Amino acid sequence: MAKPKVAFYWCASCGGCEEAVVDLAEDILKVVEKVDIVFWPVAMDFKRRDVEGLGDGELAAVFINGAIRTSEQEEMAKLLRRKSRLVVAFGSCAYLGGIPGLANLSSKDAVFETVYKKVPTVVNPEGVVPRTETDVDGFKLKLPDFYDGVRTLAQVIEVDYFLPGCAPPPDLIMEAINKILTGELPEKGSVLAPEKSLCDTCPRRDSKPDKIKISDISRIAYKKIDTDKCFLAEGIICLGPATRSGCGERCINANMPCRGCFGPTREVLDQGGKFLSGLMSIVDTQDEEEIKRIADSVIDPVGLFYMYSLPYSLRMKFLK
Amino acid sequence: MKRIGVFVCHCGINIAGTVDIKRVVEAVKNFPGVVYVEDYKYMCSDPGQNLIREKIKSEKLDGVVIAACSPTLHEKTFRNTVSQAGINPYNCEIANIREQCSWVHTNMEEATEKAIRIVKSIVAKTLLDESLVPIKSPVVKRALVVGGGIAGIQAALNIANSGYEVVLVEKEPSIGGRMAQFSETFPTLDCAQCILTPKMVDVASNENIKLLTYSEVVDVSGSVGNFKVKIKKKAKSVDYEKCTGCGICVEKCPVKVPNEFDRGMSERKAIYTQFPQAVPNKPVIDRENCTYFQKGKCRLCERVCPFGAIDFEQEDEVIEEEVGAIVLATGYELYDVSNMGEYGGGELEDVIDGLTFERLLSSSGPTSGEVRRPSDGKVPKTVVFVKCVGSRDPEHHFPYCSKVCCMYTTKHAMLYKHRVPDGKAYIFYMDVRTAGKGYEEFYQRAQEEDGVIYLRGKVSKIYKSDGKLIVDGFDTLTGRKVQVEADMVVLAMAIRPSSGAEKLFNLLKVSTDANGFLTEAHPKLRPVESLTAGIFLVGCAQGPKDIPDSVSQANAAASMISVMFSQDYLIHEPIITGVNEDLCSGCGICVAVCPYDARKINREKGTVEVNEILCEACGACAAACPSGAAQQKNLTDRQIISMIKAILEE
């Protein structure tokens, strides 16, 4: 019997998710024992026409990482959707928009202005910015369109499963692949990670006081805390309470508070907003001025609370 | 999907006058889940309710939306109606298209459109409603009364006489409170002690009352129906099992200290009973002033006690009591005269407060009821009484009226005139407030029969000159300055909540007003309940009031408690904020946010637990919970979102 065919594709991402697949190490051999990888631009030389040549639904699964920023990414996502029986949004960018999604705070023009003109290392005296069509010696050269905003994969095509993480940890990847191979999949639309938030598995959970109250907000670079103390209880913003677990507490073990890459839990529509609501609820003062001082001490609140989930947020959903 | 029936009420023309009912009915028919719609002139009437019940059965409805008035009006009515037809009442919701729509709009077109959207959102909510069952909790049929003044005594006796046990806690060695210090009472001039002491004795002899004097509440946990109270019994240093109250120890004790009960105008011993009719009528040792406790020598009381009742080894003891309800009767004290520098308060010995004057008038007081001034024991020939001292003075002291001063000052002046017929009594007043049965007549009598002189105006200054107290005031009726040379001045000081009460109130988490008096649950309709279920307020702890008002409140609280205790279970609304254990990671944010202490982290399970009885469903935790594990029952985030969507949908 022929092995099931799978594909990997990348959209607006950093390449870390590709690394995560390589990070499976010897386990990758177990994967290729059972499946044929028919498309993986970062590792193997296949062309778009190879995908186009597949029959509809011929692929058992496609793993797409990265958010959707350009027309090419949208086209490829739609093409792969047609060819594949299952689509897995692989990693935080595909699932939530990820770090590239923070660009939604700026317009396309502002992004071009910065990237192609203002950045000190750029020399661009003619002020050229990317265009979808350029005439060169009578020939028309085409580039994909750079959209005005960043979207999650599910905002562009139907997605069957979501594998969170920046990048997803090897154990969750293997678990997802095994589930697909055995067909023991949860309800469509599920996130392939534990339901509870990170505090559940946090190595520092026992240090948590009975009642968390904070009267100051600091940053890990400015405050020395014991490496077994709950960040939040020490006044250092940690998105753990608002973030799905399953990451292996990689950041916490490196003495970094959680930044929320696994996204919200099942019942939460807006990770940043929900965390903000919780954070301000435990501010230990009734004094308006003091509340304002504490709130103002959060530097770059959107970048902090929505570091991975801005395109997925309620605000962005309602704007669409 | 649920089968929802929508019933649209005209409310006469209240709704139908502004909202096009036919259009609402037509629009609603197409909503998802709606299988039946009908309108009626008065849905809350008997025929209206019958209609709902019939249709629930014939259309096999399992959810009902009533588009009518505010849920505060008829939610209960309609939930009853649907449960009679076999639907769980929490699957019945009210779409308020009257107060929030027809009453506040005039444009029929827009009001109708709004009504449709309101109904639509409530249908969306009802689709996701869960069936809920009221939470039952057992009731400990015992009450705690804090404070053994007249209010506390009355409440304790009434609850006890209804057949329920009462723990009565009093911080002083004897019950009786302020009333025990009074001479006669207005407007009948009954002797205060004569009407109070029989009640005190009743308390002591009532088998249902556990009397803990010289004791204080130090900790409270739990909630209505099931409070756990820790009470510190201060060491009395006397074994009450052995003591007969013969009083030899008191007689022989060599230490003399100022007697607080007589406002410092007499002396008591280091081992003492507060007053002759004290209940219990057995002494305690005031360790602060006892030679043995301070210097290690003496033990004279021990030697003279014929019963071996003196026990120097006794220690403070903390006991725990379980009760279902708590009555706070912590009473009042007077604003100290030393706050009135311009009146010589605290400096001039013969400028005293009203309670001190009560002791001078009392036949059991330091002068056996003869009016003699504190400085030299002479009978004062001119006495000035000043009312509203510290009260009704928002700029410098307190804004409120102390309520009882008008009457007791009248009584003071009258009794003074009875004792010293050739003396002169002046009363400086802002107003004379005599609202009470027989009060106005009493005031008239003081002027007409006893010749008490009333001067309408404030006193600016009181000072001493040539052995006289000079009272500078202003008579606003004649528009002239007045100066009175007095031998004694009595200030009607503002009534304040007892010191120490604030600590107790914080412990119990009961709210107080800006002046420190307890806040009632509703100023008119729930005057003796606090906002915390199961805690009742009586007497001056809730605000200045006279004896009959205190007694009425005590009776009211006692009857409410008896009603509560007559049930085997307390019924608690099931609309609470629970914990979804599949989602809760025990982050604990909700614990810190809960104002009712209803949530705590269960470290073993790693999740948060809710005490459903304590939860008042305020929703603070639901808003704060970062993982969506805390959701208000039948008002979940999913429901709210689907309601918003339903409203916004085109």
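**Figure 1. Packing of helix H2 against helix H5 in chain B of the predicted model**. In this predicted model, the axes of helix H2 (residues 21-28) and helix H5 (residues 108-127) of chain B come within 9 Å and cross at roughly 35°, the axes being lines fitted to C-alpha atoms, for helices over the stretch in contact, with angles that run from 0 to 180 degrees between N-to-C directions. Helices (H or I, at least four residues) and strands (E, at least two) are DSSP runs, numbered from the N terminus. H2(B) passes H5(B) in a right-handed crossing, a crossing being right-handed if the near helix is turned clockwise from the far one by less than a right angle, and left-handed if anticlockwise. To the contact (heavy atoms within 4.5 Å), H2(B) brings Arg23(B), Val24(B), Ala27(B) and Val28(B), while H5(B) brings Glu109(B), Thr112(B), Glu113(B), Ala115(B), Ile116(B) and Val119(B). These residues divide into six nonpolar, one polar and three charged, where Ala, Val, Leu, Ile, Met, Phe, Trp, Tyr, Cys and Pro count as nonpolar, Asp, Glu, Lys and Arg as charged, and the others, Gly among them, as polar.

**Figure 2. The second largest pocket, between two domains of chain B**. About 1,200 Å³ of space lies in this pocket, and of its 39 lining residues the closest to the centre are Val224(B), Thr532(B), Ala533(B), Gly534(B) and Glu616(B). On a 1 Å grid over the protein atoms alone, a pocket is an open set of points with protein on both sides within 12 Å along at least five of seven lines, a cavity is a set of points where a 1.4 Å probe fits but cannot get out, and lining residues have an atom within 4 Å of a point. Grid points are joined across faces, edges and corners, and a volume is the space filled by probe spheres set on the points. Strand E11(B) gives the largest share of the lining, four residues, and by class the lining comprises 23 nonpolar, 10 polar and six charged residues. The pocket lies between domain 2 (145-234 + 316-331 + 498-565) and domain 5 (573-633) of chain B because both give residues to its lining; the domain bounds come from an automatic or database domain assignment.

**Figure 3. The largest cavity, with cysteines of chain A close to its centre**. The volume of this cavity is about 130 Å³, and the count comes to eight cavities of 30 Å³ or more. Of the 13 lining residues, Cys199(A), Cys202(A), Lys208(A), Cys230(A) and Cys238(A) are the closest to the centre, and the lining as a whole has nine nonpolar, one polar and three charged residues.

**Figure 4. Two cis peptide bonds in chain B and a positive phi in chain A**. Most residues other than glycine have a negative phi, and most peptide bonds are trans. The bond from Phe186(B) to Pro187(B) is cis, with omega near -5°, and Pro187(B) is found in the loop between strands E8 (184-185) and E9 (190-191) of chain B. The bond from Val279(B) to Pro280(B) is also cis, with omega near 0°. Asp137(A), which is not a glycine, has a positive phi of about 50°, and its place is in the loop between strands E6 (133-136) and E7 (139-142) of chain A.

**Notes to all views.** Residues are numbered from 1 along each chain as its sequence is written, and chains are lettered from A and ligands numbered from 1 in the order in which they are written. Local features need pLDDT of at least 70 and side-chain atom pairs count only at pLDDT 80 or more, whereas totals for chains, interfaces and linings use all residues, and side-chain values use heavy atoms, with hydrogens and water left out.
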